[in-house]
Amino acid sequence: MSGAVADKAFVAEPGAILGTEARDWFALLKPRVISLVVFTGAAGLVVAPAHMNLFVAAVAILCICMASGAAGAINMWYDRDIDAIMTRTATRPIPGGRMPERSALGFGVGLSVASVVLMWFATNALAAFILAFSIVFYAVIYTMWLKRSTPQNIVIGGAAGAFPPMIGWAAATGSLDVLPIVMFLIVFLWTPPHFWSLSLYACKDYGRAGIPMLPVVRGARHTRHQILIYTFVLLAVSLVPSWLHLCGWIYTATALALGLGFVACAVAVVRDRQDETGVSLTNDAPARRAFRFSLAYLFLLFCGLLLDHALVVSH
Ligand code: HEM
Ligand SMILES: CC(C)=CCC/C(C)=C/CC/C(C)=C/COP(=O)(O)OP(=O)(O)O
């Protein structure tokens, strides 16, 4: 969509109250998504072997929050044309006509710069560098390039959302180690089954918007099998910290139980009743369940890691 067209679409409501505007700025940050992103970043910071000043730790977590929100705002600015087409995203602040596109871009870029500078001053150059790289990875490499060009978009682009545990660890220690790299790999391998479960039932939306998501390009049957493969690999990689004796039994039991639960969800997705083209005859009930489970999986796995760190590893 050209700037002129989008600007015409923006009609400032004369009676707009501050509450409505604040809600739109907030929505631009994709707050529910960043809550989990920030939690994984905080987990990386907490399990790192360093005694960090509480105030500095809080500032570092705030920087991850600002950066992921900023990247989300730039994503919404760039994707305003396709967001207007998809039912799920049509009421977002820009396609909904409640925010001028340039304001969203300025907000995203300003917040990005502020988050990186603040992280550098508060912690160290390594954490600030990975933070900046994550913003560029999500806002430019995923959003502006991969998302519209390849069905592997979220496999590669998923790296953006996997960096926060490394950022948290780097903020605390000024360096990296095996555990934050494995935490990166866990989020990286979790992203495809997380997103492809949703894309199975949001497939029509993506098709109409011309986004080459896997079920649109390769079909639902292929996507179901890919989900199953990734959950198996995720289960194996989630146990690496146990094999390397970086975690204790609480983490191992959590990873095993959650991993088997995720595999069971994926098996149900593969076995869903389908027509001859692989399209679900159950309104994608198993895929919807797998998506919900993916959110619980990542949250609880990192809870297990934190609990393990508090009760087992540090004693
Ligand atoms: C490229 C990678 C990813 C893609 C393409 C993706 C895509 C999506 C999409 C399309 C939704 C639905 C949002 C909606 O209904 O408006 C969603 C929801 C969600 N995603 Fe992801 N996601 C990715 C990575 C991540 C990461 C790394 C995290 C956190 C670590 C995450 C956490 C969440 C959460 C918490 C929700 C639920 C939001 C809600 O309830 O509205 N996602 N994701
Ligand atoms: C520290 C830092 C900068 C981290 C970045 C973390 C982050 C925001 C990861 C991406 C998660 C996400 C919402 C992807 C969906 O994008 P989409 O455009 O495919 O989804 P949409 O259709 O809902 O807009």
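Biologist: Is the crossing of H10 and H11 left-handed or right-handed?

Modeller: In this predicted model, H10 and H11 cross in a right-handed way.

Biologist: Which residues make that contact?

Modeller: On the H10 side they are Pro165, Met166 and Trp169, and on the H11 side Pro180, Met183, Phe184 and Val187. By class, the contact has seven nonpolar residues, with no polar and no charged ones.

Biologist: At what angle do H10 and H11 pack?

Modeller: The angle between H10 (residues 164–173) and H11 (residues 178–201) is about 160 degrees, and their axes are 8 Å apart. H10 is therefore roughly antiparallel to H11, as angles over 145 degrees count as such.

Biologist: Now H14 and H16. How far apart are their axes?

Modeller: The axes are 9 Å apart, and H14 (residues 220–238) packs against H16 at an angle of about 170 degrees. That angle makes H14 roughly antiparallel to H16.

Biologist: Which residues of H14 and H16 meet?

Modeller: H14 brings Arg224, His225, Ile227, Leu228, Thr231, Phe232, Leu234, Leu235 and Ser238. From H16 come Ala255, Gly259, Phe262, Val263, Ala266, Val267, Val269 and Val270.

Biologist: And how do the residues of that contact divide by class?

Modeller: Twelve are nonpolar, four are polar and one is charged.

Biologist: What does valine 279 touch?

Modeller: Ala220 and Gln274, leaving out residues up to four places away in sequence. Valine 279 counts as partly exposed because it has 15 C-beta neighbours inside 10 Å.

Biologist: Why does asparagine 283 count as exposed?

Modeller: Asparagine 283 has 9 C-beta neighbours inside 10 Å, and the cut-off for exposed is 12 or fewer. Its phi is near 60 degrees, a positive value in a residue other than glycine.

Biologist: What about lysine 30, what is its phi?

Modeller: Lysine 30 has a positive phi of about 50 degrees, although it is not a glycine. Lysine 30 sits in the loop between H2 (18–27) and H3 (31–47). With 18 C-beta neighbours inside 10 Å, lysine 30 counts as partly exposed.

Biologist: Last one, H4. How many of its residues are buried?

Modeller: In H4, 19 of the 25 residues are buried, so the helix is mostly covered. H4 runs over residues 54–78 and reaches 36 Å from its first C-alpha to its last, close to the 36 Å expected at 1.5 Å a residue.

Methods. Residues numbered from 1 in each chain as written. Chains lettered and ligands numbered in written order. Predicted model: local features only at pLDDT ≥ 70, side-chain atom pairs only at ≥ 80, totals over all residues. Helix = DSSP H or I, 4+ residues; strand = E, 2+ residues; numbered from the N terminus. Expected span 1.5 Å × (residues − 1). Buried ≥ 20, exposed ≤ 12 C-beta atoms within 10 Å, placed from the backbone. Axes fitted to C-alpha atoms, helices over the stretch in contact; angles between N-to-C directions. Parallel < 35°, antiparallel > 145°, perpendicular 65-115°, else oblique. Left-handed = near helix turned anticlockwise from the far one by under 90°. Contact = placed C-beta atoms within 7 Å. Nonpolar A, V, L, I, M, F, W, Y, C, P; charged D, E, K, R; others polar.
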